[in-house]
Amino acid sequence: MAWAYVDGGADGLVTLTDNREAFRRWRLRQRILTGITKPVLSTTMAQTGIDLPIALAPTGIIGIAHWRADIAAARGAEAAGTRHVLSTGSSYTLEEVGEATEQNHWFQLYPYGDRQKVGELLDRAAAAGFTALFVTVDVPVRGNREGERHAGMEVPPTLTPKRVLDVAAHPAWWWNLLRHKRVSPIHYGVGKRSLSTAVEAVRQQDRYMQSDLNWDDLAWMRDHWKGPLYVKGVLDPEDAVRAVVGIGADGVVVSNHGGRQLDSALGTLDALPAIVETLGGRGEVLLDGGIRRGTDVLIALALGAKGVFVGRPYAYALAAAGERGVTDVLNILREDMVRSMILMGCPDVGQLDRSWVLPAPVTV
Ligand SMILES: Cc1cc2nc3c(=O)[nH]c(=O)nc-3n(C[C@H](O)[C@H](O)[C@H](O)COP(=O)(O)O)c2cc1C
């Protein structure tokens with residue numbers, strides 16, 4: 001069930017697949033004999049200096065992967081010299097993550113209909129030291145994740161003898177789940193933490209979901225949040241311009257929620273070039289979806305992204321090895337990037353532009 005929740009996508013997985021496939025449509029340029037030995041990876045994302053152009057995307061209810069959840073993710077990110085975006089649906093509170101980390105991280109807001117509740121969350125985020133806000137706009141309703149349902153990952157979860165046996169085969173996971181009870185979206189917590197209140201909190205979160213969310217709501221959030229604000233879930237160039245120029249967002253995250261929302265929407269790398277071109281340097285363009293190797297990061301940067309996020313890669317790492325796993329994933333991506341940039345002859349991620357990529361030859 002946990003695997004189906006993390007790994008799956010919406011409907012027929014067309015967009016989930018496209019997120020990966022889109023990277024195969026580009027090739028990196030290789031320049032020889034450049035003498036480059038130490039390419040520069042450091043950059044800024046969300047007005048924060050970081051050691052590599054990769055940060056951790058928000059993932060809700062990630063306590064299902066590891067009981068240390070968001071704290072392990074944020075600490076794992078800062079050990080690798082970067083940042084984590086804490087989800088509104090996190091397993092630890094803003095204050096708990098703020099206290100357990102050295103650096104200021106970033107907060108992702110699900111803009112629910114209740115402005116008072118949203119305002120309180122934003123104030124708490126600022127007070128707990130979260131410096132940038134990512135407003136996720138691609139979940140007016142939950143996507144149709146059939147894989148989750150088939151695995152019994154419903155509200156409440158459906159347990160069959162086979163699933164109970166499966167749980168029994170993972171005693172450490174089960175023990176930590178029962179002991180720490182970190183599976184609810186805690187900002188919607190209802191009463192004491194328990195498995196039944198976790199189910200109620202997920203229901204609560206669904207009730208807060210605002211399907212008539214509109215640009216006025218976003219403008220209200222822009223007024224309320226004083227730090228940098230990014231709109232996450234943008235796939236259309238006109239929306240990108242309206243967010244940045246019309247509302248005053250500091251940038252957009254080209255994202256389709258990892259293929260978990262509208263299926264048959266564009267893969268994010270396919271959507272990126274038109275958004276970069278239409279924005280023409282106004283606002284910061286970030287991207288997530290399907291980043292699995294350092295070369296993917298290089299392609300996204302060459303096509304105009306300032307930085308990228310990874311979601312599932314660190315969720316898998318959390319499940320496998322907790323905080324250390326998260327740092328390992330980021331370090332593997334960093335080593336990938338360094339090696340590939342030496343092979344390309346590219347000295348600095350700041351120099352990556354369209355001249356560094358070529359469309360893949362069309363096969364007939
Ligand atoms: C298990 C899981 C939970 C997620 N929860 C959230 C969330 O709470 N808020 C949000 O804005 N995006 C959420 N996302 C989407 C990610 O932020 C991100 O857009 C996506 O995972 C990027 O694609 P990738 O997994 O291929 O790297 C979630 C993704 C996964 C896999």
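In which order do the eight strands of the open sheet lie? Reading across, the order is β4-β11-β10-β9-β8-β7-β6-β5, with parallel pairing. Strands (E, at least two residues) and helices (H or I, at least four) are DSSP runs, numbered from the N terminus, and two strands pair if DSSP finds at least two bridges between them. The edge strands, β4 (54–56) and β5 (85–86), each pair on one side only.

Before we go on, note that this is a predicted model: local features need pLDDT of at least 70, side-chain atom pairs count only at pLDDT 80 or more, and totals for chains, interfaces and linings use all residues. Residues are numbered from 1 along each chain as its sequence is written.

Now look at strands β7 (residues 132–136) and β8 (residues 229–234), which run parallel and are joined by four bridges. Here T136 stands opposite K232 in β8. Helix α12 (residues 268–279) packs on the sheet, touching β8, β9 (251–254) and β10 (284–288). Contact means that C-beta atoms, placed from the backbone, lie within 7 Å.

Next comes the largest nonpolar core, with 106 residues. Such a core is a set of buried Ala, Val, Leu, Ile, Met, Phe, Trp, Tyr and Cys residues joined through C-beta atoms within 7 Å; buried means that 20 or more other C-beta atoms lie within 10 Å of a residue's own. L272 is among the residues with the most contacts inside this core, and α14 gives the most to the core, with eleven residues.

Finally, find the ligand: of the 24 residues around it, A57, G60, S87, G258 and G311 come nearest.

How values were computed. A residue is near a molecule or strand if its C-beta atom, placed from the backbone, lies within 6 Å of it. A residue is buried if 20 or more other C-beta atoms lie within 10 Å of its own, exposed if 12 or fewer, and partly exposed in between; C-beta atoms are placed from the backbone. Two residues are in contact if their C-beta atoms, placed from the backbone, lie within 7 Å. Axes are lines fitted to C-alpha atoms, for helices over the stretch in contact, and angles run from 0 to 180 degrees between N-to-C directions.
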